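The tour below goes from one selection to the next and says what is found at each stop.

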Amino acid sequence: MAAASSNVPLPAPAPVRTPAWRYALGMFGTSIPINLIRGSIVLLYVDILGMDVRAYAAVMAVYAVIDAIDNPVLGHLSDRTRTRLGRRRPWLLLGAPLLAASMIALFSPPGSLDGPGLVAWFALFAILSELFDSMLNANYGALLPELFPEERSRALANVLRQGFQLVAMVISLALTPVLTTSLLGSEEEVGGFSRTAALYAVIAVAAIVVMTLGAHEVPARGQGERPRLLPSLIQILRTPLLWKVALPSLCYGSAVAIVLSGVQLYVRHTLGLPVATAFLVQGVVLLTCAAALFAWLAAVRRLGALRTWRLAFWALTGSFALLYLARDLTTALLAGAVLGIGWAGLLATNDLVVARVVDRDAAVHGLHREGLFL
């Protein structure tokens, strides 16, 4: 009897679940560096250091082209990775310190640089920061549908991580002007930017490492067939559902990026107020967004992610119009509140809609290529 029972196959161990809060914490770490860059880089290099705005635009055009190329490449490399740590975790542990180092360098240009030398420094470390940010986000985003396959748990994890993102944005966007121009420096020198970048780098790396070490990837995902780049790209680009989701997301992301990167200049030149006043505008946006996030989650449960996603676009569009018309602090704060409501709707729904597309791709083609797809 003992010999016969030893031949009975043991049941496969249940997958270790990743706590939603642990995964969500990673969004805090990935958001701090890139939002510091988006929110302060124009002010530092163009307004304070006097770099030609045409040179800045040329560098950012190259930045955008490289961003368009490296995202699918890094995602594909992640999909093909096979290690004892999993597919995503090695990239996250590598990318966090590299992004931190490049961000610190970006905000610490030597005082002797000007003209072409300053442009070269800016181009090198802006592009490196973008590269390592793409490395982190391709892998972090790919974990959401894998770690949380059920819609209910996925929605909770997404809301929590968006909440962490908002906390990170309060720090890296709303608090940054106060740190760089008042507490850690002044409006006319770069020392405050360097010290702020170093502080944020330590916080970001700590958050990403804690998240990564607590994320339990599904072992079976790292044992299947390794997807090939060209056939995968062809299949993905031929997916009609991709374009129905990706194009609106692209437009939304571009508009929000413009608003977030220009708030400090908007406050200084349009409203005619001190740069530190940007703390109020950005604070209202982020606090309103945080307050509305769970209301939108309730709408998702009642109407579904897709219908709620569409409603959020209309709310965001109206907020952009109000922000354009604002000419004093009061109207700017009102527009910011409406912006926060619309933005919360997209934060609560956009990744859920995208995850559905990724799930469908895996079901149809039998390949797990979340990194490339996202």
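What follows is a series of selections in a predicted model.

**Stop 1: colour by confidence**

Begin with the whole protein chain coloured by pLDDT. The mean value is 86, and 95% of the residues reach 70 or more. Now compare two elements. Helix 1, residues 2-6, has the lowest mean pLDDT among the elements of the chain, at 48, while helix 4, residues 89-106, has the highest, at 96. Select residues 1-6: the pLDDT is below 50 across this stretch, and apart from near neighbours in sequence it has zero contacts in the model.

**Stop 2: the surface of helix 3**

Select Val-65, which belongs to helix 3, residues 53-80.

**Stop 3**

How many salt bridges does the structure hold? The number is nine. Select Asp-52 and Arg-54 to see one of them, with N and O 2.9 Å apart. Asp-52 has a relative accessible area of 35%, so it is classed as partly exposed. Arg-54 reaches 65% and therefore counts as exposed.

**Stop 4: a salt bridge across the chain**

Select Arg-87 and Glu-370. Their side chains form a salt bridge in which the closest N and O atoms are 3.4 Å apart. The two residues are 283 residues apart and link distant parts of the chain: Arg-87 sits in the loop between helix 3 and helix 4, and Glu-370 in helix 13, residues 370-373.

**Stop 5**

Centre the view on Arg-88, in the loop between helix 3 and helix 4. Its relative accessibility is 0%, so Arg-88 counts as buried. The side chains of Arg-88 and Asp-79 are joined by a polar contact of 2.9 Å.

Next, show what surrounds this residue. Setting aside neighbours within four places in sequence, Arg-88 is in contact with Gly-75, Ser-78, Asp-79, Asn-139, Ala-142, Leu-143, Glu-146, Glu-217, Glu-370 and Gly-371. For a distance check, draw a line between the C-alpha atoms of Arg-88 and Thr-212: they are 8.7 Å apart in space, and the residues are 124 apart in sequence.

**Stop 6: Thr-81 in the loop**

Stay with the loop between helix 3 and helix 4 and select Thr-81, which lies there. With a relative accessible area of 13%, Thr-81 falls under the 20% cut-off and is therefore buried. What does the side chain of Thr-81 make with the side chain of Trp-91? The two side chains make a polar contact of 2.9 Å. Not counting residues up to four places away in sequence, Thr-81 touches Gly-86, Arg-87 and Trp-91. Arg-87 is the residue from Stop 4, where it paired with Glu-370.

**Stop 7: a buried pair**

Select Asp-361 and Arg-369. They form a salt bridge with the closest N and O atoms 3.0 Å apart. Both residues are buried.

**Stop 8**

Move on to Thr-308 in helix 11, residues 305-325. Thr-308 has a relative accessible area of 0%, so it is buried. A polar atom of its side chain lies 2.8 Å from the backbone oxygen of Gly-304. Beyond residues up to four places away in sequence, Thr-308 touches Trp-296, Ala-299, Val-300, Leu-303 and Thr-349.

From that list, select Ala-299, which is in helix 10, residues 278-303. With the sequence neighbours up to four places away left out, Ala-299 touches Gly-304 and Thr-308. Ala-299 and Trp-309 are 10 residues apart in sequence, and their C-alpha atoms are 9.7 Å apart in space.

Methods:
Residues numbered from 1 in each chain as written. Predicted model: local features only at pLDDT ≥ 70, side-chain atom pairs only at ≥ 80, totals over all residues. Heavy atoms only, no water. Helix = DSSP H or I, 4+ residues; strand = E, 2+ residues; numbered from the N terminus. Buried < 20%, exposed > 50% of the residue type's maximum accessible area, 1.4 Å probe, protein only. Polar contact = N/O pair within 3.5 Å; in protein donor to acceptor, adjacent residues only side chain to side chain. Contact = heavy atoms within 4.5 Å. pLDDT = per-residue confidence, 0-100. Salt bridge = Lys/Arg side-chain N within 4 Å of Asp/Glu carboxyl O.
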